[in-house]
Amino acid sequence: RLGDWSAMLASVVRAACAPVSVAQRLRTGSCAWPRGAQRLVRPALATVRCLRCRDATGTVLVATLLAASTVGGSINIGGAVFHFVESAGIGIIIGVAVGLLSLILTSQRAWGLFHEFGSFVLLIGALGAYEASSALGASGFMAAFVAGVISGNGKSFGWDLETHTQDNVVHFNNAITLMMRMMIFVLLGAQVDFSLVFRYLLPGLLIVGIFMVVGRPLTVLSSL
């Protein structure tokens, strides 16, 4: 708190990730005063809804635009649209098929042959969907994403997973997510070139300082 001003911060957190700031606001008076709380809560909820709408469409679209670009830099719009629909469509079909097959094999309301190994079945399904779609020249990312959506919503198809199977899947997903996050930092660290770091150390520190001291406060003030 600075004088009559109080800083308010809204964040979200999951078991597999650190807290993420989704909204911030400066206000007069105490943070515990409920008046005007909706000005912080509404944008925070809107941001959370956007974060939940994750899909593979952006990945497919970028890949399509890159593939449709010619050497001269122009783009064939008709060919790009057809390639996008074809790549995404085949990926969706394969993803749906693999996702339903995973549910049939893991849900005791269906065959349930591998209900004790739900996490492994879903992992193999995601990898299989990616490879099958890629082999057909379509989007493996879209296929893996759709397979995950289908297998993660078995209740909507009447093939919901048992409680212990669901718990195992969640635990496995969290462990894989943690390992992938660790690998990201390992790969980033492996790209560090000390000669370049020392060469651009002072300009880099200056730019970071500008973002911290100037850019961040301006962003907060502009959101009021």
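Leaving aside neighbours within four places in sequence, Ser133 touches Gly91, Ile94, Ala138, Ser139, Gly140 and Ala143. Keep in mind that this is a predicted model. Ser133 sits in helix 4. Is Ser133 buried or exposed? Its relative accessibility is 0%, so Ser133 counts as buried, since the cut-off for buried is under 20%.

Now look at the two helices. Two packed helices are described by the angle between their axes and the distance between the axes. For helix 4 and helix 5, the axes come within 7 Å. They cross at roughly 150°. The crossing is right-handed.

| Helix | Residues | Residues in the contact |
|---|---|---|
| Helix 4 | 118–135 | Leu122, Ala126, Ala129, Tyr130, Ser133, Ser134 |
| Helix 5 | 140–151 | Gly140, Phe141, Ala143, Ala144, Ala147, Ser151 |

What classes of residue make up this contact? There are 8 nonpolar and 4 polar residues, and no charged ones.

Step back to the whole chain. It has 8 helices and 2 strands. From the N terminus, the order is β-β-α-α-α-α-α-α-α-α. The chain has 224 residues, and 24% of them count as buried. Among contacts with a separation of 6 or more, 54% join residues 24 or more positions apart. The accessible surface of the chain is about 15500 Å². Carbon and sulfur atoms account for 70% of that surface.

Definitions and conventions. Residues are numbered from 1 along each chain as its sequence is written. This is a predicted model: local features need pLDDT of at least 70, side-chain atom pairs count only at pLDDT 80 or more; totals for chains, interfaces and linings use all residues. Side-chain values use heavy atoms; hydrogens and water are left out. Axes are lines fitted to C-alpha atoms, for helices over the stretch in contact, and angles run from 0 to 180 degrees between N-to-C directions. Helices (H or I, at least four residues) and strands (E, at least two) are DSSP runs, numbered from the N terminus. A crossing is left-handed if the near helix is turned anticlockwise from the far one by less than a right angle, and right-handed if clockwise. Contact means heavy atoms within 4.5 Å. Ala, Val, Leu, Ile, Met, Phe, Trp, Tyr, Cys and Pro count as nonpolar, Asp, Glu, Lys and Arg as charged, and the others, Gly among them, as polar. Buried means under 20% relative accessible area, exposed over 50%, partly exposed in between (1.4 Å probe, protein chains only). Accessible areas come from the Shrake-Rupley method with a 1.4 Å probe; for residues, only the protein chains shown count as cover.
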